[in-house]
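Please read these notes with the structure open beside them. They are numbered so that each point can be checked on its own.

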Amino acid sequence: MVPEELRYTEQHEWVARAGDDTVRVGITDYAQRQLGDVVFVQLPEVGRQVAEGDSVGEVESTKSVSDIYAPLAGEVVAVNEAVVTAPETINGDPYGDGWLVELRISDPASVDGLLDAAGYREKIGEV
Amino acid sequence: MSETALRHSPLHAAHAALGATFAPFGGWEMPIQYADGGVVAEHTAVREAVGVFDVSHLGKALVSGRGAAEFVNACLTNDLRRITPGQAQYTLCCTESGGVVDDLIAYLVGEDEVFLVPNAANTAEVCRRLAAAAPPGVAVTDLHTDHGVLAVQGPRSAEVLTALGLPADLDYMAFTDAEWSGRPVRVCRTGYTGEHGYELLPRWDDTPALWTALLAAAEDRGGRACGLGARDTLRTEMGYPLHGQDLSPEISPVQAGAGWAVGWKKPAFWGRDALVAERAEGPARRLRGLRALERGVPRPGMPVLDAGGRRIGVTTSGTFSPTLRTGVALALVDTSAGVEPGAEALLDVRGRRLRCEVVKPPFVQAHVR
């Protein structure tokens, strides 16, 4: 499941425009299926400045651990505390209630440089 | 080992049809979890209803001939004289220096026949060592692909066996030879989950039909197919060691707290002198349970620190406990650190400190009896 309206990264994260200069970030349905049952999430502090590609947290399943990367440069403006207390939300609703962080991005146009749905589908072999 | 060299269980196609995720395990490609399950759901099924596992990768070996039991008893650590024919025993194959080549189950069929179930990766080595030591008249036969192994585990496991007309009324660690659909199957009251359960040994080619029947009976009772992912979280909650992690050629049974599986009064078994000496002196390190007091998931190989941040050990197993909903670990801790159950220790989780309580396993109460 790769929603048409979202943008994607090589690290299996999705990016949605939340406001003029803010985006919401989570992991894709493909990523949550690869991970299996998510049992632990660690998120960054609000206010942290991040560069593109910085590790900003962890998503850990019964099997393995994955870093959460900042898909774009900016500042962390919100984190989803609900997934910290209920990590399984990421499995159940990866594109909705299972979101992870919101960023105010330095360059609003940078979103356009990310993969679109077709590009991400190709990456994961879902064509 | 290359991908192409991985061996397959007789149920490989059945697992694929259930959407299993596969991973290499001891030279075999085995199901880790199933598409409609997942580790937590499969784990919970075993604790609350019943789970059916394919563990056909486990080794099978036969030691037979006049005096077979006496021979095995002079090699492996546990004392076969503690059990009678029709009973099985957890035992260890050690090196002369006291390291563990493998942990295995020995089924005492009779004075002249012992059936062994070693770990997949170690079967050939256990057979090699036994064959090299066997006296004339005692044969050691590697039967790895003569039998499949299916584990039926959980509070409703007896109902599943009864539904198939298989004998379920067995004492813990007892076994009996039965028939299903006119085919032989050995039924054992053994397992690796801490629940009431059975391990069935059908002939290799009969395994798919038995699997299908067991799974149908389990699903009627709220059960399901379970993969090796759940098997690992279940055994870790019980503090059962996994060879290659919690027991190894470098980790002796005295260190691992497996001294109960050693027949200390026996005149001879492999590693006896080294183990008796280590036991008398006291081990330099000891396997302990760690239960996380904060959110975080321990993994094997993480440093264990004392309250002051000094390194006192290393984790050998670690996972998220679906039952307790917290992290649990087994760790080798330096005896000199004086860290006893009830004390606090820290785990270095990729640079983050995770507070843990030192506990005596099991983490979850066993229901095997």
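**Notes on the two chains**

1. A:Lys63 has contacts in both chains: apart from neighbours within four places in sequence, this residue is in contact (heavy atoms within 4.5 Å) with A:Gln34, A:Leu35 and A:Gly36, and with B:Thr21, B:Ile32, B:Gln33 and B:Arg299. A:Lys63 sits in the loop between β6 (55-61) and β7 (65-69) of chain A. Helices (H or I, at least four residues) and strands (E, at least two) are DSSP runs, numbered from the N terminus.

2. The model is predicted: local features need pLDDT of at least 70 and side-chain atom pairs count only at pLDDT 80 or more, while totals for chains, interfaces and linings use all residues. Residues are numbered from 1 along each chain as its sequence is written, chains are lettered from A and ligands numbered from 1 in the order in which they are written, and side-chain values use heavy atoms, with hydrogens and water left out.

3. An unreviewed UniProt entry lists A:Lys63 for "modified residue: N6-lipoyllysine". UniProt positions follow the numbering used here, feature names are shortened, and annotations may be inferred rather than shown by experiment.

4. Chain A has four helices and nine strands, in the order β-β-β-α-β-β-β-β-β-α-α-β-α from the N terminus. Its radius of gyration is 13 Å, close to the 14 Å that the globule rule gives for 127 residues, so chain A is as compact as a globular protein of that length. That radius is taken over C-alpha atoms, and the rule is 2.2 Å times the number of residues to the power 0.38. Along the principal axes, the C-alpha atoms of chain A fill a box of roughly 35 × 35 × 20 Å.

5. Of the 127 residues of chain A, 50% count as buried. Among the contacts in chain A with a separation of 6 or more, 60% are between residues 24 or more positions apart.

6. At the interface, 16 residues of chain B are in contact with 15 residues of chain A. The area buried between the chains is about 1,200 Å², and carbon and sulfur atoms give 46% of this. Buried area here is the accessible area (1.4 Å probe) that two parts lose on being put together, summed over both. B:Arg295, B:Arg299 and B:Arg350 supply 41% of the area that chain B buries against chain A, more than any other three residues.

7. The largest nonpolar core has 47 residues, and B:Phe53, B:Val55, B:Leu92, B:Tyr107 and B:Phe115 touch the most other members. Such a core is a set of buried Ala, Val, Leu, Ile, Met, Phe, Trp, Tyr and Cys residues joined through side-chain atoms within 4.5 Å. The largest share of this core, four residues, comes from β6(B). Beyond four places in sequence, B:Val55 is in contact with B:Met30, B:Val149, B:Ala151, B:Leu228 and B:Arg231. A second, separate core of 27 residues includes B:Ala20, B:Leu161, B:Ala168 and B:Ala218.

8. B:His15 belongs to helix α1 (residues 12-17) of chain B. This residue is buried, because its relative accessible area is 1%. Residues that B:His15 touches, not counting those up to four places away in sequence, include B:Ala20, B:Asp54 and B:Trp211.

Note on methods: Buried means under 20% relative accessible area, exposed over 50%, partly exposed in between (1.4 Å probe, protein chains only).
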